[in-house]
Amino acid sequence: MGHSSAQSEIIKNHLLTALQQVDPNAKVHTKTSSLGWFWMTVTTRLFAGKTLEDREQYVDNILADLQLDLGQYPISNYELLLPEEHSSLIQDAFQLPLWSDMLLAPDADHVADIETDSEPALPSVVTFYSFKGGVGRSTALGMVAIALANRNRRVVMIDFDLEAPGISVLFQNGLPENSGTKYGVLDYLHQRSLTPDANVPPIESCILQVDLASRGELFLVPVGEYNENYIHRLAEFDRDLLQSFYRGDRNPVKDLIADIKSALEPDVILIDARPGFSDTSAVALFDLADTGVICFTPTEQSFEGLKYVVQAIRKQSEQKGKPDLRFLLTPMPVISEAQSRSWIGSVEDWIAENWGLPNDSSIGELYFSVFYNPNIVALSDLTRVPNSLLADYSAITDAIDASLPNVGIDRIHSIPDAEHSVLDELNFQSARAQDLAVDKISDVFQRTEDFPKFISKRTWLIRGAKGTGKSILFRLFVEQSKTAKKIAKDTLHLQNFSFVAGHGEPKPERPTINSNTLESYEKTVGEESWSAFWMNYGLLQLCYAYKGLLELSEIDDALSKLAGLDRFSQTEICEWLVHRASTPSLLPKAFDELAAVDRWLEERGLRAWLLYDELDAGFGFGEANYLRRQRALNALLGWWLESGISLKRITPKIFLREDIWSQLNFTNKGHYVSRFLQLRWEEVDLWRLVQRQILHSSKTLRDSTEREFGITIERLDTIPLDLLRKSLFPLWGERMGRGRKAYTYNWVRTRIADSNDNCFPRSLILLLQESVEWEKSFSTPYSSPVVLRPRALINAFPSVSKQRVDEVRNEYPELKEYLGSLNGERSPIEEPRLSEVWKLDSAQTAKVIKEMIEAGILKERSKPKDAPPRVFAVTELYLYGLDMRRKGQR
């Protein structure tokens, strides 16, 4: 047998197979050294009542099949244990938190459970670490420290890079000039090792306050004064000294942290650790940190070194429940979007493989990027850093801040003993726009920041993904026109406007038509008849809306008769449209009629919008219907550019799904560049929507919200984002529990967005609807002063994902089979695997992939020039609904 890690796996598997035939819970752990030897731990109930010699003989009998025994190369050391002996050994192994000891320590019997809904204790200790120097670790820590102080956090920085102090240097200009004797970390640890019971130096002599230009409190514990004595003290600070700390009655490292906590009562302690595999960095990460921030540039060299770093930290985390990890990519070079996507893809794969994804977390919550900025690189002092540079570190600052207790949550939430009444009051409505009762439209509709552009005369085309609010806009203006005018009045007075359904959901009381009628029309008059269709169809809608038009001499008698009906049959409408399109003399007459309608409106000071909805499903499903839809919509959009431009009083509002728009091809399509609105829900729009439904349904929260924040239905559209975020704390708190390090609003927003970053308001409201039901079902009341605990939101999310997948299946029935085939697969997924599960050739697979990218389900992780295979990720919103898992999920 050759010596290698592969050999240790053969021995391990051979032993496990034999042992587990009798003891299914038997375990074998091996660890290979750099020279090919390995350590082995065998744990089984089969050793009960046996001496060490008996245990050795038992194992040797099994190894004889491999012509090996325990005293033979490559086995250098071994432990043969009962389960209770193994547990005791694990506890001993984790007493000394150094790199080699940690890597050699046996695996934990079970993964420590972290209660994510619990309130964290102060302070939180965050260690910034890098395997290599020169990646901006100290700068990142300093920037985050200032940003946290600016948020009214009390922050302490500890310089634990004893060999090459970094953070101490970056804040020199903000430190007092005459602070007396300069003590620091090394002085404290060195003296405590000599005289552990003496308070020399006192911790107060090691703490310096940083003079910031802004608000907040920031303190620094430096390494100590740099002089010759420092070098001598450092020389005595070796592995043996650290071992003595952790094996003695008093541990100066623990005392240092305890004294800082007692003296300053900080919110957070940030430790700047030594790079590489130094003993002090191991202590700072394994023993002191609640969270480790791993700073690195995503290169193969970095990945290789960090693999063992993360392996050791994960072992400690599984045993002790901490530290948790976050990854900071710094400095990321400013590169093309494709190259950046490729780098990020590599980072996500590496994190998933080496650290894994904690349950209920998404990969995007584990890492943050800081791009190269020469203004940051050139900084030699951070005490006067401009806010524009701090913004680059806002994401990692948010993650750390979110792991701290809520700020002022008790003050802003004054609803004592009212949780259950609030739960009963809350009534979130997540129905599709088409399913809403007419009288509920105004309660549910939320004006977005795009609204002023929507009502502009120049905006003809409104594009957006399905579920982004196009249909509720259509229904608001067509069916609740008085409310629509009231909502718009501060932007544009619409008193003389009428809102006419140019096309929409078929209803007997208005002349709109269904997919069968559209198919029948084209089959009767031909594929080139769509321009005539839209002109005549629009005339019919206008004459139906304005009965006064029926008296015009220019209006054809047949049109006048049809538009005067109270109820409409599909046959009557289709026959009239066919007659108009197939009679050559009626085509120019339609132009004259439309011009007469326009003049009639102008003479009376009136304006009309023709609103077109249901242009996706309204044509039916399947390849033939999609081709018909494409021909019809090419004609609709082309006709308005060609002929509608001359109309002074008639304006189209065409609601179109984004992916359908990308497939259209008509003359002068580019002219719509100044006439379209891409409908997207920004964060401020989402939280206004949530508050609107809260204010409409819960009197308790409505009274509290107005009292604490001054928010009412009437003022809602003017409330800024920061206040909206705070106003939702009573509903769902500030953050998603200790283990997630995410603000609740960020956690929610990222989970209701697809791979094209479209946020879906219906998914948001469904999440809250389901969360309320989960909260009602919990047997124990939530101790925090908020209505919905993080667990309620987490438990509700799979239902949201399934609902969104169902919507996609309805919107894209041609993808239904392929979506179903993804059940049980892992994301990211390679293109050949997609071909395999879909049973398609490469060309067909590429076509389906393209459709799924346009639908916001997939996002390419590889760049176009990368060697095959291409790799694609499924966004979080669809993972649960597709019964998929992310690679590395644990």
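This is a short chat about how to read the predicted model shown above.

Colleague: What should I know before I start?

Modeller: It's a predicted model, so local features need pLDDT of at least 70 and side-chain atom pairs count only at pLDDT 80 or more, while totals for chains, interfaces and linings use all residues. Residues are numbered from 1 along each chain as its sequence is written, and side-chain values use heavy atoms, with hydrogens and water left out.

Colleague: How many helices and strands does the chain have?

Modeller: Helices (H or I, at least four residues) and strands (E, at least two) are DSSP runs, numbered from the N terminus. Here you get 40 helices and 21 strands.

Colleague: What share of the chain is buried?

Modeller: Buried means under 20% relative accessible area, exposed means over 50%, and partly exposed is in between (1.4 Å probe, protein chains only). Of the 890 residues, 56% are buried.

Colleague: Which residues touch the most other members in the largest nonpolar core?

Modeller: In soluble globular proteins, nonpolar side chains tend to be buried together. A nonpolar core is a set of buried Ala, Val, Leu, Ile, Met, Phe, Trp, Tyr and Cys residues joined through side-chain atoms within 4.5 Å. The largest one has 71 residues, and Trp687, Val690, Leu731 and Trp838 touch the most other members. Leaving out residues up to four places away in sequence, Val690 is in contact (heavy atoms within 4.5 Å) with Phe428, Leu728, Leu731, Leu764, Ile765 and Leu768. A second, separate core has 62 residues, including Leu162, Leu242, Ile271 and Ala284.

Colleague: Which residues of helix 9 are buried?

Modeller: In helix 9 (residues 239-247), they are Leu241, Leu242, Gln243, Phe245 and Tyr246. Their cover includes helix 7 (185-194), helix 8 (228-236), helix 10 (252-264) and helix 11 (279-288).

Colleague: Now a sheet. In what order do the strands of the open three-stranded one run?

Modeller: Two strands pair if DSSP finds at least two bridges between them. The order is 18-20-19, with antiparallel pairing. Strand 18 (829-830) and strand 19 (858-860) are at the edges with a single partner strand each, so one side of each lacks a neighbour in the sheet. Three bridges join strand 19 to strand 20 (residues 871-874), and Lys859 has Ala873 in strand 20 as its bridge partner.

Colleague: Last one: is Val334 buried or exposed?

Modeller: Val334 is exposed, at 66% relative accessible area. You'll find Val334 in the loop between strand 10 (324-332) and helix 13 (337-354).
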